[in-house]
Amino acid sequence: YSLSENVEQLNITLINIMTGEEVNLIQNKPTQKGNHQLLIDGNRFQNGSYVVKVSSGNKSKSVKMIKVN
């Protein structure tokens, strides 16, 4: 992901689409502007559909992810 400015608190969460449950808080910290990479270890999660939600303040972006073994 890419940030055009520094953010005081960047939250990245993984949400199970079927249950609506937040299954993992990936990041919750201040983050500097620039390009960043996110690696999610899928071995910890069941097969299924998930949403990766990136949010800071009143801005957010979600991306759908499908985990299949």
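Lys67 touches a group of residues from elsewhere in the chain: with neighbours within four places in sequence left aside, Lys67 is in contact with Gly42, Phe45, Gln46, Asn47, Gly48 and Tyr50. Contact here means heavy atoms within 4.5 Å. The model is a predicted one, in which local features need pLDDT of at least 70 and side-chain atom pairs count only at pLDDT 80 or more, while totals for chains, interfaces and linings use all residues. Residues are numbered from 1 along each chain as its sequence is written, and side-chain values use heavy atoms, with hydrogens and water left out.

Lys67 belongs to strand S6, which covers residues 59–67. Strands (E, at least two residues) and helices (H or I, at least four) are DSSP runs, numbered from the N terminus. Lys67 is buried yet has no salt bridge, and the nearest side chain of opposite charge, that of Asp41, is 7.9 Å away. Buried means under 20% relative accessible area, exposed means over 50%, and partly exposed is in between (1.4 Å probe, protein chains only). A salt bridge is a side-chain nitrogen of Lys or Arg within 4 Å of a carboxyl oxygen of Asp or Glu. For charge, Lys and Arg count as positive and Asp and Glu as negative, whereas His and the chain ends are not counted.

Which partners does the side chain of Lys67 have in polar contacts? The side chain of Lys67 reaches the backbone oxygen of Gly42 at 3.3 Å, and there is also a polar contact with the side chain of Asn69 at 2.8 Å. A polar contact is a pair of N or O atoms within 3.5 Å; within protein, one must be able to donate a hydrogen and the other to accept it, and residues adjacent in sequence count only if both atoms are side-chain atoms.

Tyr50, one of the contacts of Lys67, lies in strand S5. The relative accessible area of Tyr50 is 4%, so this residue is buried. Apart from neighbours within four places in sequence, Tyr50 is in contact with Leu14, Ile15, Asn16, Ile17, Val23, Phe45, Val63, Lys64, Met65 and Lys67. The side chain of Tyr50 also reaches the backbone oxygen of Gln46, at 2.8 Å. A search of the whole structure finds 1 aromatic pair. The ring centres of Phe45 and Tyr50 are 6.1 Å apart and the planes are at 55 degrees, so the pair is tilted. Rings of Phe, Tyr and Trp (its six-membered ring) pair if their centres lie within 6.5 Å; planes under 30 degrees apart count as stacked, over 60 as edge-to-face and the rest as tilted. Both Phe45 and Tyr50 are buried.

In soluble globular proteins, nonpolar side chains tend to be buried together.

Is Leu10 buried or exposed? Leu10 is buried, with a relative accessible area of 2%. The C-alpha atoms of Leu10 and Ser55 are separated by 5.9 Å, although these residues are 45 apart along the chain. Beyond four places in sequence, the contacts of Leu10 include Tyr1, Leu3, Val54 and Ser55.

Lys64 is exposed, with a relative accessible area of 57%. Leaving aside neighbours within four places in sequence, Lys64 is in contact with Ile17, Ser49 and Tyr50.

The chain as a whole has 0 helices and 6 strands. Buried residues make up 25% of its 69 residues. Among contacts between residues at least 6 apart in sequence, 45% join residues at least 24 apart.
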